Amino acid sequence: MKLVMYNDNQPGILTGNGVVDVSDLAPGGGQAAMVHLITNFDSLKSQLEARAASGTPVAGAQLRSPLPRPNKILCMGGNYREFGAREPSPMWGFTKSLDSIIGPGDTVILPDVDANIFHHEAELLLVFGKGGKDIPASEAMDHVFGYTAGVDVSARMSGGGGRVPNTMPISEHKSYDTFCPMGPCIVTKDEIADPENLQVTLSVDGEIRPNYNTSDLAHSIAESIEYVASIEEISPGDVLFMGTNHQGLGAMQDGETIEMGIEGIGSFTFTVSDPLKRRWPKGVDEATAKDIREGAGGPGRQSRPLPAG
């Protein structure tokens, strides 16, 4: 089943015919309504299935972020093997500001900061259905409700801070307003046979950039949950970004339309606005891809904007 938020953050089900409203089954609206669906899904499932089969689609429904404001946005860092070029490194992670969330059809606005480059990181996100702390890997998948897609927009800054083991600090340069596009829906985990074998793609103005499979994960979903839950208390409706393969990264810049999708989940689009009209070379950032592949340092260290015009 595909759960969505639409229009004024009303809950719905995404079907082949459109969005069917279920706000009468999920009181409160917004994040509270989605959390209600998540935590009461087993008891509501038969009603939701009936509604999906026979409900009348809402005309002109505009999808929003399926999670308007979770308690936490947790993120794994360096969690891919870059098509097998790197051995798994020690786990680390960070959090993003809740104010960074946007949804399908919205706009990422690049801030007036001295960034080397702004990158798009297309990622699988898992949605927690059950809360907890210190969750062992053997029980981790019982805490997963479903999956969605998202982009971890990243401003690459010179001389970034180091990683502190066993912490999940907020990443200032990944937390600017609009830096967390999510969508188009939450797919319940029963519909995803193997979340560690899904194709992830992102295109910019129709040009494919990232194109990788989650089978390239350095640390499994269960291991990643165990790691973040050893540091943070998890609540239903929280999300975990599983990290990205950096080999398809490229610059985000003014006027672009970006489409991100994951096999079995679907795709969504958003646009980019840069009031400063900065420009970088288009296409894949090969210097960053090589740096990450070879473990030479952080991404985007040498990329600087081109002169305007």
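The legends below describe views of one predicted model.

**Figure 1. Overall chain.** The chain contains 5 helices and 18 strands (DSSP runs numbered from the N terminus; helices are H or I of at least four residues, strands E of at least two). Its radius of gyration is 19 Å, close to the 19 Å that the globule rule gives for 309 residues, so the chain is as compact as a globular protein of that length (taken over C-alpha atoms; the rule is 2.2 Å times the number of residues to the power 0.38). The C-alpha trace spans about 55 × 45 × 30 Å along its principal axes.

**Figure 2. Helices α1 and α2.** The axes of α1 (residues 30-39) and α2 (residues 41-54) come within 6 Å and cross at roughly 95 degrees (lines fitted to C-alpha atoms over the stretch in contact, with angles from 0 to 180 degrees between N-to-C directions). That makes α1 roughly perpendicular to α2 (65 to 115 degrees). H36, L37, I38 and T39 of α1 meet F41, L44 and L48 of α2 (contact is heavy atoms within 4.5 Å).

**Figure 3. Nonpolar core and L126.** The largest nonpolar core has 84 residues (buried Ala, Val, Leu, Ile, Met, Phe, Trp, Tyr and Cys joined through side-chain atoms within 4.5 Å; buried is under 20% relative accessible area, 1.4 Å probe, protein chains only). L48, L126, I225, L240 and M260 have the most contacts inside this core. Leaving out residues up to four places away in sequence, L126 touches V144, G146, Y147, I221, I225, D238, V239, L240 and M242.

**Notes.** Residues are numbered from 1 along each chain as its sequence is written, and side-chain values use heavy atoms, without hydrogens and water. In this predicted model, local features need pLDDT of at least 70 and side-chain atom pairs count only at pLDDT 80 or more, while totals for chains, interfaces and linings use all residues.

Conventions
Parallel < 35°, antiparallel > 145°, perpendicular 65-115°, else oblique. Buried < 20%, exposed > 50% of the residue type's maximum accessible area, 1.4 Å probe, protein only.
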